[in-house]
Amino acid sequence: MKKFFITVICIAIAAMVGYGIKYAVTPINTQKLSYITQENAINTNGFIIRDEWVMYSRSAGTAYHSVAEGERVSKDSTIGSLFYGDVSDDSIKELTVVDNKIKKTRTEKSEESISTLDSNTLENNIYERENDIIDAAQDNDILSIAKYKKDINSLRQSNQLAEDNTEQELENQREQILNSIGVNKEDIYAQISGVFTTYVDGYETELVPNDIENYDVSYFEGLSQSPKIQKIDNKINAGGAVCKIVNNHVWYVMMDIPSDTIEGREVGDNVKLRFNNMADAVVKGSINSVSAEENGRVILTVKCPTYLESAFSYRLVDVDLIFESYEGYKVPIQSVRTEDDGSKKVIGIKENREHDCYCDVLFTNTDAGYAIIESTDNAENKLSQMERIVVGER
C-alpha cells in the first residue's frame with residue numbers, strides 16, 4: 001500500500017511538472033511591426049482659384065512674346081510687344097533670336113569677370129570650353145563651336161574670353177528689325193509677378209480670390225467640369241487674349257464636399273491636399289472659407305501658400321482633401337501598456353530578448369481594435385530596432 005501511494009504521488013508530481021514545463025514553453029503571442037500612414041481624407045473634384053492677369057487686345061494684330069512659356073516674370077517687366085497689324089513669322093523669329101542674345105549678354109555681364117585668372121582657374125575654363133565644343137558638335141551647332149574656339153585662344157593669349165556682339169550692337173539689330181516691321185506696336189508690361197503663359201481657359205475672370213466668400217454649392221454646380229484650355233495664337237483678334245501671368249505663390253482650391261465631413265472643423269485649420277492628376281503632388285494648406293449648407297453639401301476653400309510648379313497648368317483637379325494624417329506603427333490595442341506614471345509602452349523583441357519600448361499613441365480605432373504608435377523622442381529602445389512586439393497580457 002505504501003508503495004502504491006508513493007507511486008501515485010510520483011505520478012501526480014510528474015504530471016504537475018509536465019504541465020509546468022508545458023506552460024513555461026508556451027509560445028508568446030507576438031506580431032511583426034507594420035509601419036503605415038493613416039489618413040482621414042475624402043476624394044473630390046475641385047477648381048483652382050488664383051490671382052491671374054490677362055492682357056486683351058484693343059484691336060487685331062500680332063503678338064510677340066519675349067519670355068518663354070512657364071518663365072517667371074516680375075511686375076512691370078517687359079514681356080513682349082503687340083503689333084497692330086500683320087507681321088511675318090520670319091520677323092518674329094528674328095526678334096526672338098536677337099532678344100535671346102541680349103538676355104545672354106546681360107547675364108554674362110552680371111557674372112564675375114574672369115579677366116584676371118590664376119593658372120588653375122584658367123585651365124579649368126579652357127577645359128570647360130573644350131567640353132562645350134564637344135556638346136556643340138553633337139548638336140551640330142557650328143556657330144557655338146567657332147565661339148568656343150575663340151574663347152580658348154583668347155584665354156591662352158590674354159586671360160580674357162572672346163566677346164560676342166556687344167549689347168549695344170544687339171540693341172541696334174533689334175531696332176532695325178522693329179523698323180522693318182513698319183506697324184505700330186505696344187510694349188507689354190507685366191501687371192503682376194508670376195508665371196508667364198499663353199494658355200487660357202475662360203475662368204480667369206470667373207474664379208478670382210476676391211470673390212471666394214460668394215461661391216456656394218449652386219455656383220459650383222454651374223461650373224463646367226471640363227474647362228477648355230486654349231493656346232493663344234500669335235495672330236490676335238480684337239478683344240482677344242494676348243498672354244497671361246499667374247500668381248502661383250498663393251492660390252486656392254474650391255471643393256464641393258458633404259457637410260458632415262467638416263463637423264467640428266473651423267476656418268484656419270490646417271489640412272493637406274494631394275493632387276492625383278499632378279503626379280500625386282502634396283501641399284499643405286488651411287481652410288479659408290466654408291459656404292452655407294445646401295442639400296447636405298458645402299463649398300470648402302483651402303488656401304495654399306506653397307509654390308507648386310504644375311499648379312498653374314490646371315484648373316479642374318482630382319484632389320484628396322486630407323484632414324489628418326498619422327505615420328507610425330499599427331499595433332493591436334491590447335499590446336499597448338500603461339505605466340503608473342501614465343506613460344505608454346509596448347514590449348518589443350529583438351534577438352529573442354524583450355525590451356520596454358516607450359511610445360506615443362498617435363491614433364486609436366477602438367472599433368477596429370488597433371492603434372498607431374511611434375517611439376517617444378527620448379526612448380532608449382526604438383520601435384524601428386525591434387523585430388516583433390508582444391501582444392496580450394504578458
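1. Basis of the values. Because the model is predicted, local features need pLDDT of at least 70 and side-chain atom pairs count only at pLDDT 80 or more, while totals for chains, interfaces and linings use all residues. Residues are numbered from 1 along each chain as its sequence is written, and side-chain values use heavy atoms, with hydrogens and water left out.

2. Salt bridges overall. A search of the whole structure finds 15 salt bridges, a salt bridge being a side-chain nitrogen of Lys or Arg within 4 Å of a carboxyl oxygen of Asp or Glu. One of them joins the side chains of Arg58 and Glu186 at 3.3 Å, N to O. Arg58 sits in the loop between strand E2 (34-56) and strand E3 (61-65), and Glu186 in strand E6 (residues 185-189), so this pair ties together parts that are 128 residues apart in sequence; helices (H or I, at least four residues) and strands (E, at least two) are DSSP runs, numbered from the N terminus. Arg58 is exposed, at 64% relative accessibility, whereas Glu186 is partly exposed, at 25% (buried means under 20% relative accessible area, exposed over 50%, partly exposed in between, with a 1.4 Å probe and protein chains only).

3. A salt-bridge network. Arg50, Glu52, Asp201, Glu204, Lys244 and Arg315 are linked in a network of salt bridges. Within this group, the side chains of Asp201 and Arg315 meet at 2.8 Å, N to O. Asp201 belongs to the loop between strand E8 (199-200) and H6, and Arg315 to the loop between strand E14 (297-304) and strand E15 (316-332), so the pair ties together parts 114 residues apart in sequence. Asp201 is buried at 12% relative accessibility, and Arg315 is buried at 2%. The side chains of Lys244 and Glu204 also form a salt bridge, at 2.8 Å, N to O. Lys244 lies in strand E11 (residues 241-258) and Glu204 in the loop between E8 and H6, so here the parts tied together are 40 residues apart in sequence. Lys244 is buried at 3% relative accessibility, as is Glu204 at 6%.

4. Nonpolar cores. A nonpolar core is a set of buried Ala, Val, Leu, Ile, Met, Phe, Trp, Tyr and Cys residues joined through side-chain atoms within 4.5 Å. The largest has 23 residues, and those with the most contacts inside it are Trp251, Val253, Met255, Leu273, Phe275 and Leu321. The elements giving two or more residues to this core are E11, strand E12 (270-275), strand E13 (281-290), E14 and E15. Apart from it lies another core, of 19 residues, among them Ile192, Phe196, Val200 and Ile245.

5. Pairing around E12. Strands E12 and E13 run antiparallel and are joined by six bridges, where two strands pair if DSSP finds at least two bridges between them. Lys272 stands opposite Lys284 in E13, and in the hairpin of E12 and E13, which has five residues between the strands, Ala279 takes a positive phi near 55°. E12 also pairs with E15 in the antiparallel sense, over four bridges, and Arg274 stands opposite Asp320 in E15.

6. Val217. This residue lies in helix H6 (residues 217-222) and is buried, with a relative accessible area of 2%. Not counting residues up to four places away in sequence, Val217 touches Ser291, Ala292, Glu294, Arg297, Val298 and Ile299, contact meaning heavy atoms within 4.5 Å.
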